[in-house]
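Let's walk through a protein model together, one piece at a time. Have the structure open and turn it as you read.

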Amino acid sequence: MDLTAFLVAVLLSACLQAANGLLLPANKFIDIALPSYDYIIVGGGVAGLVVANRLTENQNVTVLVLEAGDLDPAPDLITVPGLVGHGFIPSQNWNITTAPQASLDNRTRDYGQGHVVGGGSILNGLVMTRGAKHDYDAWRTLGNPGWSWHGMLHYFKKSENFSTCVTPEDRRRLYIRPHMKVHGKKGPLQVGYPRFFYNSSKNFLEGVSELGIPILHDINAGISAGASIAPATINDRNQSRADSRRAYLDSVLNRPNLHLATQQTVTRILFGAEVVDESSSLPVKGLKRIYGVEFATSADSPRKRVACNKEVILAAGAIISPALLQVSGIGPTPILEELGVPVQIDLPGVGQNLQDHGMVGAFYNYTRPGLFTANNLTGDILEEVEGQYFANRTGPLTHPLISTLAFASLRHLATNWKSLLSNISNSQPESYLPPGPGQHPTILKGYAQQHRLLTSLLSHPTVGALEVMADSIGTLTAAVQHPFSRGFVRALSADLFANGSVAPNILLDPRYCSHPFDCDILVRGLKLNNQLVKTKAMQQLIPQPSYPWDDSTAQNDTALLEAIHSKIQTEFHPAGSTSMLPLDLGGVVSPRLVVYGTSNLRVVDAGIIPLLPAAHIQAAVYAIAEKAGDMIKQDSTDREPNPNEGEATPPPPNPFTNGPPGLGPGIVQGPGVGGGFHGDHGHPH
């Protein structure tokens with residue numbers, strides 16, 4: 001940074017409250033960013049934007065959000081609910097591919113993840129479900145006080161502005177009667193219902209009811225086993241997608257203490273000096289302090305570094321965050337040594353305990369003459385529907401791909417559910433975990449406890465074991481909700497930009513059906529589908545399934561299993577890879593979301609989820625981030641006032657600053673991944 005640019009940055013820092021918030025262009029970052037920030041947030045997705053919003057409510061706190069993607073231009077493909085499911089914009093997707101799935105068909109799967117400001121909330125299917133009370137009480141049982149349903153409910157409510165604007169006729173025929181005591185009305189995120197419903201929704205609800213699965217008036221009140229019209233992240237006023245950018249960022253971009261830098265990929269977390277106890281001035285044994293991050297615009301651009309005064313917060317998602325920890329020296333020692341990364345903190349759980357909802361879409365083809373479905377949205381009809389939507393925000397384009405769904409408990413799927421759970425309880429959990437780091441004693445111990453909890457959860461009649469999602473044309477998608485299978489994430493190179501892009505340098509292996517019970521649940525789910533389309537209500541739609549969903553195949557477990565192996569895909573709900581668990585259970589973060597062995601590094605994203613809830617997880621991630629925001633504020637307040645600090649006291653010189661000591665740590669351009677610098681405990685890679 002030249003002298004003029006540096007003085008500009010200092011002036012910006014001194015006059016921060018008089019300035020506007022900044023969106024920092026990639027090519028101007030060095031010139032206009034502040035010398036340092038109190039908080040650096042890695043990732044501008046759901047969690048990152050929620051935390052940034054809440055922290056900058058304090059005008060004396062400065063926050064920098066580093067996002068690898070760009071702002072989306074809000075095309076119709078993204079914002080119009082009726083166009084959800086028509087594909088991803090390539091630039092907004094990390095374009096990650098899984099490892100070949102050894103327990104299935106040895107083929108890879110595409111794994112879309114948000115690479116854009118707003119993250120997954122820009123790409124997802126809008127469904128807003130929370131899961132069951134017991135799902136979150138299990139988090140507390142795993143050693144996380146404050147993380148029960150009761151501890152999360154406040155934050156579910158805090159995040160949402162829930163709307164009940166549904167016509168009386170739709171309320172009656174579709175059983176929509178939300179319990180407003182469990183919903184928020186003042187949160188930033190718009191949650192509600194579309195202004196149009198396909199007629200097949202009623203057939204599905206009543207068909208499921210014929211099978212003994214209850215219709216729920218509100219699927220988000222703590223009981224998830226049942227069928228419902230699910231709320232969606234839809235702006236009730238204009239019937240468009242409600243995402244984390246519009247909810248948490250756009251309205252606060254005028255805050256002078258919030259800066260967002262797009263097209264900036266964080267490549268390393270930077271370690272500084274040991275943590276010193278303020279009362280004794282002695283090092284705190286075992287704790288390391290993070291002083292900032294290294295980042296770059298592209299593989300060919302110079303690496304830059306920016307310092308934090310308080311904390312670095314990882315919010316890059318359950319795939320990127322663990323990989324970033326590993327290339328920074330935090331993770332299982334064998335992986336770090338293989339990468340050639342100096343071990344800063346041996347943390348076996350980083351990248352382990354990965355969970356996902358595997359799903360299989362089965363097609364039953366509704367053929368009733370005159371039935372209006374999404375397949376009718378072509379030609380003149382589509383033109384008419386588009387006019388209706390853009391003129392007055394009504395009609396079929398207000399309806400997302402999925403709004404009608406059911407969560408079936410294990411009791412709904414198997415009359416012998418007790419013996420199934422007994423068989424699982426008597427099995428050897430460690431035999432289902434991946435080899436290598438997945439066999440570390442703490443990982444085995446943690447999984448054994450999860451294994452016991454999962455069998456307990458699945459015995460509850462209010463907890464979903466399987467989800468069935470219904471679209472308007474005859475697709476009934478079955479998804480396992482409490483998987484026993486565990487996968488992993490690991491970096492393949494010490495440089496996340498090796499070979500030009502990030503995705504090829506991350507090994508993602510969900511290991512679908514590595515525990516056979518998960519595929520057994522899907523077999524039972526497909527049989528449930530077959531029973532469902534034979535109900536009186538569903539027969540009105542004249543379903544015509546073809547192989548492998550036809551009658552003969554539905555009675556053949558081997559044929560169904562073969563179909564599952566070839567067709568299973570992700571429900572895009574990766575979680576658990578930086579689990580909130582005790583250290584001796586393979587945990588990565590504490591209940592305060594602080595990475596073990598550090599004093600000021602947190603993870604706030606789906607990776608901290610220790611057990612997946614039976615739900616679409618965006619509701620949980622919004623709530624986790626809201627809760628994290630309160631925790632960070634509280635922990636900062638608890639550390640203050642510090643008699644050795646204050647506005648009049650210059651901050652200590654930072655180990656990687658090029659700026660004068662009295663002006664705080666500076667933003668510097670580094671030599672790239674091969675370079676070292678004073679105070680960064682790493683070595684050339």
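We will look at a sheet, then at one of its strands, and then at a pair of helices.

This is a predicted model, in which local features need pLDDT of at least 70, side-chain atom pairs count only at pLDDT 80 or more, and totals for chains, interfaces and linings use all residues. Residues are numbered from 1 along each chain as its sequence is written, and side-chain values use heavy atoms, with hydrogens and water left out.

Start with the sheet. Six strands, in the order β8-β18-β19-β20-β17-β23, make up an open sheet with antiparallel pairing. Here strands (E, at least two residues) and helices (H or I, at least four) are DSSP runs numbered from the N terminus, and two strands pair if DSSP finds at least two bridges between them. At the edges you will find β8 (226-229) and β23 (569-570), each pairing on one side only. Helix α17 (residues 516-532) packs on this sheet and touches β17, β18 (404-408), β19 (466-470) and β20; contact means heavy atoms within 4.5 Å.

Now zoom in on β19. It pairs with β18 in the antiparallel sense over 5 bridges, and L405 stands opposite M469 in β19. β19 also pairs with β20, again antiparallel and over 5 bridges, and there the bridge partner of E467 is A479. These two strands, β19 and β20, form a hairpin with 4 residues between them, and G474 in the turn has a positive phi of about 125°.

Is β19 buried or exposed? Because 5 of its 5 residues are buried, β19 is largely enclosed by the rest of the structure; buried means under 20% relative accessible area, exposed over 50%, and partly exposed in between, using a 1.4 Å probe and protein chains only. In a regular strand, side chains alternate between the two faces of the sheet. In β19, L466, V468 and A470 lie on one side and E467 and M469 on the other, and both faces are covered.

Finally, turn to two helices. Packed helices are described by the angle and the distance between their axes. The axes of α3 (residues 46-55) and α21 (residues 618-638) come within 8 Å and cross at roughly 35°; axes are lines fitted to C-alpha atoms, for helices over the stretch in contact, and angles run from 0 to 180 degrees between N-to-C directions. Among the residues that meet are V46, V50 and L55 in α3, and V621, A625 and I632 in α21.
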